Amino acid sequence: MSTTLLFRQDAYLREAEATVLAHTQEGGIVLDASIFYPTAGGQPGDSGFIIWSGGRMPIATAVKVEGSLIALVPSEATSLPPVGAKITQRLDWNRRHRHMRMHTALHLLSVVIPLPVTGGQIGADKGRLDFMMPEAPTDVAALNEALNLLIERDFPVTDSFITDAELLANPGLVKTMSVSPPMGQGQIRLVRIGNDATQIDLQPCGGTHVGRTAEIGRVEIGKVENKGKQNRRVSLLLVD
């Protein structure tokens with residue numbers, strides 16, 4: 001039993017039908033198909049609400065359960081839709097879209113700062129990447145300009161899949177040292193920015209992204225913080 005990842009098939013899907021498969025002990029609602037992205041890889045779980053015959057419920061977040069299932073977490077303790085119920089799920093689209101914009105922007109940040117990534121976090125207004133960077137950058141303004149120029153070039157953002165063996169044969173694809181790509185499931189998703197002639201980034205990622213970089217809008221590099229002898233934390237803000 002597994003949950004179909006509707007957000008993977010179409011990150012712009014805002015509403016979809018689903019069937020309740022089970023309830024978790026914690027009060028989560030396990031679905032057979034989900035447009036809600038579950039918390040993973042530094043990206044928060046989506047919020048929104050669900051509707052069914054006789055009920056409406058706000059959803060605070062979504063989480064992975066038992067590996068290939070996703071459970072929606074209600075915002076408040078109330079009666080759950082029964083197992084077998086047909087529900088309509090609707091995203092808080094503004095929040096999700098800001099996560100998509102930020103996530104793609106952070107991939108571009110790893111292009112203008114081509115150093116190993118030791119951690120990261122995505123938010124609706126602010127995100128950050130931690131880099132293995134002994135010295136802080138001397139010209140943040142130049143990095144900021146380079147980042148926004150990449151955004152303005154409106155590169156396509158697409159995905160493809162490779163096998164575990166193909167990833168092991170190309171370890172340079174993995175930029176993030178703190179999180180290993182999920183292996184053992186037969187295939188690993190790669191997110192590409194640019195096309196064959198203009199590719200600027202290719203890395204394993206399970207998150208949601210915008211379809212083209214210009215959709216990110218203008219961003220601004222914020223604080224650069226010292227997080228240890230070899231680490232610097234670089235914050236990124238969505239300007240609009």
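Biologist: What is the volume of the second largest pocket?

Modeller: The model is a predicted one. Rolling a probe the size of a water molecule over the atoms shows where empty space is left. For the second largest pocket, the volume comes to about 180 Å³.

Biologist: Which residues are the closest to the centre of that pocket, and which elements give two or more residues to its lining?

Modeller: The lining of the second largest pocket has 16 residues, and the closest to the centre are A11, V157, D159, R189 and H209. Two or more lining residues come from each of these elements: α1 (6–9), β11 (157–162) and β12 (188–193).

Biologist: How many residues of this lining are charged?

Modeller: The lining of the second largest pocket holds six nonpolar and six polar residues. The charged residues of the lining number four.

Biologist: How is helix α2 oriented relative to helix α3?

Modeller: Helix α2 (residues 93–112) packs against helix α3 (residues 140–152) with the axes 10 Å apart. The angle between them is about 125°. Angles over 145 degrees would count as roughly antiparallel and 65 to 115 as roughly perpendicular, so α2 is to α3 oblique.

Biologist: Which class of residue makes the contact of α2 with α3?

Modeller: Helix α2 contributes A105, L108, L109, V111 and V112, while α3 contributes L143, A146, L147, L150 and I151. No polar and no charged residues take part, and the ten in the contact are nonpolar.

Conventions. Residues numbered from 1 in each chain as written. Predicted model: local features only at pLDDT ≥ 70, side-chain atom pairs only at ≥ 80, totals over all residues. Heavy atoms only, no water. 1 Å grid on protein atoms, 1.4 Å probe; cavity = no way out; pocket = protein on both sides within 12 Å on 5 of 7 lines; lining within 4 Å. Points joined across faces, edges and corners; volume = space filled by probe spheres on them. Helix = DSSP H or I, 4+ residues; strand = E, 2+ residues; numbered from the N terminus. Nonpolar A, V, L, I, M, F, W, Y, C, P; charged D, E, K, R; others polar. Axes fitted to C-alpha atoms, helices over the stretch in contact; angles between N-to-C directions. Parallel < 35°, antiparallel > 145°, perpendicular 65-115°, else oblique. Contact = heavy atoms within 4.5 Å.
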